[in-house]
Amino acid sequence: MHSQFVNKIDESETYESEDEFQASLNNPYKGLTDEQVLELSEYEEIGQLGSKQNVFLVKEYETSKKHVKKYLKDYDLSVYRYLYDHPVKNMPKIEKIYEGTNNLVIIEEYIDGETLEEVIHERGMLLNQRTAMNVAIDVLQILAELHSLERPIIHRDVKPANVILSYDGKIYLLDMNVAKWYKEEEIQDTKLFATQYYAAPEQFGYGFSASSEKTDIYAVGVLLNEMITGCIPKEAKAEGPVWDIIEKSISLEPNDRYTAYEMILALGELVLKEQ
């Protein structure tokens with residue numbers, strides 16, 4: 001009796017040493033075509049952006065134009081492809097997408113400015129209530145566009161490090177690395193991603209629902225409080241009527257929170273009253 005089993009060894013997956021094997025595992029361009037690698041070689045890495053080890057500032061050799069390059073291990077490719085085809089106002093434009101064996105490589109628009117993390121915690125500057133509310137409204141308008149899609153996109157990582165105040169006076173929302181499509185039938189996220197203090201309870205697997213549009217509203221509430229006080233709500237609460245809006249937005253029960261449009265209206269009314 002002859003066995004039909006064939007032990008075929010792919011020579012492209014054999015290595016002469018452990019070092020060569022580890023280098024293959026860590027090669028960010030593994031699995032890309034020669035043409036794609038050539039395209040990526042047109043960008044010179046200037047340096048790491050912020051504290052994220054997978055995000056770099058790069059510039060084109062030919063034009064010296066700056067871009068951001070990201071290497072992503074966890075991602076939803078369909079979200080990035082959608083944003084590539086349908087850019088969202090006041091979010092960095094996705095310019096190129098390359099999916100290899102080890103990760104996704106993204107080239108996106110570079111926004112020149114300061115993140116709220118840098119303003120609040122590195123420079124020690126707080127925003128007055130009116131300015132903070134206007135920044136929150138700008139963030140909510142971006143989220144409202146994502147949430148109003150036929151199949152909503154949930155950002156899931158709204159925090160000071162992902163909101164940038166550009167030097168031309170605009171507010172941008174960054175980083176769709178952990179974004180996901182909303183699925184009404186889900187009772188829990190397939191993968192639990194959360195930034196401590198900004199993440200809603202459902203992002204940690206608590207409750208009976210997965211991340212939804214209301215998940216992003218929770219993070220905006222924490223962000224608004226931090227812009228005003230420099231602290232998360234459990235450490236210090238913003239004073240006055242704005243606290244009522246923050247408190248509703250960070251309700252433990254998602255259904256008790258605002259929608260993006262509702263929170264825009266509530267903050268807008270308060271801004272007008274305080275003029």
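Which residues is tyrosine 198 in contact with, leaving aside its neighbours within four places in sequence? I looked this up in the model, which is predicted.

**Entry: tyrosine 198**

I located tyrosine 198 in the loop between strand E10 (180–181) and helix H6 (213–229). Beyond its neighbours within four places in sequence, I listed its contacts as Val158, Lys159, Pro160, Tyr218, Ala219, Val222 and Glu226. I then examined glutamate 226, whose side chain makes a polar contact of 2.5 Å with the side chain of tyrosine 198. I also checked isoleucine 217, which is 19 residues from tyrosine 198 in sequence and lies 10.0 Å from it in space, C-alpha to C-alpha. Tyrosine 198 has a relative accessibility of 11% and therefore counts as buried, the cut-off being under 20%.

**Entry: helix H5**

I noted the buried residues of H5, among them Ala132, Met133, Ile137, Leu140, Leu143 and His147.

**Entry: the largest pocket**

I recorded a volume of about 540 Å³ for the largest pocket. Its lining comprises 24 residues, and Leu49, Gly50, Thr115, Ala161 and Leu174 lie nearest its centre. The elements that give two or more residues to this lining are strands E3 (66–72), E5 (104–109) and E6 (113–115), together with helix H4 (116–122). Sorting the lining by class, I found ten charged, nine nonpolar and five polar residues.

Technical notes. Residues numbered from 1 in each chain as written. Predicted model: local features only at pLDDT ≥ 70, side-chain atom pairs only at ≥ 80, totals over all residues. Heavy atoms only, no water. 1 Å grid on protein atoms, 1.4 Å probe; cavity = no way out; pocket = protein on both sides within 12 Å on 5 of 7 lines; lining within 4 Å. Points joined across faces, edges and corners; volume = space filled by probe spheres on them. Helix = DSSP H or I, 4+ residues; strand = E, 2+ residues; numbered from the N terminus. Nonpolar A, V, L, I, M, F, W, Y, C, P; charged D, E, K, R; others polar. Buried < 20%, exposed > 50% of the residue type's maximum accessible area, 1.4 Å probe, protein only. Contact = heavy atoms within 4.5 Å. Polar contact = N/O pair within 3.5 Å; in protein donor to acceptor, adjacent residues only side chain to side chain.
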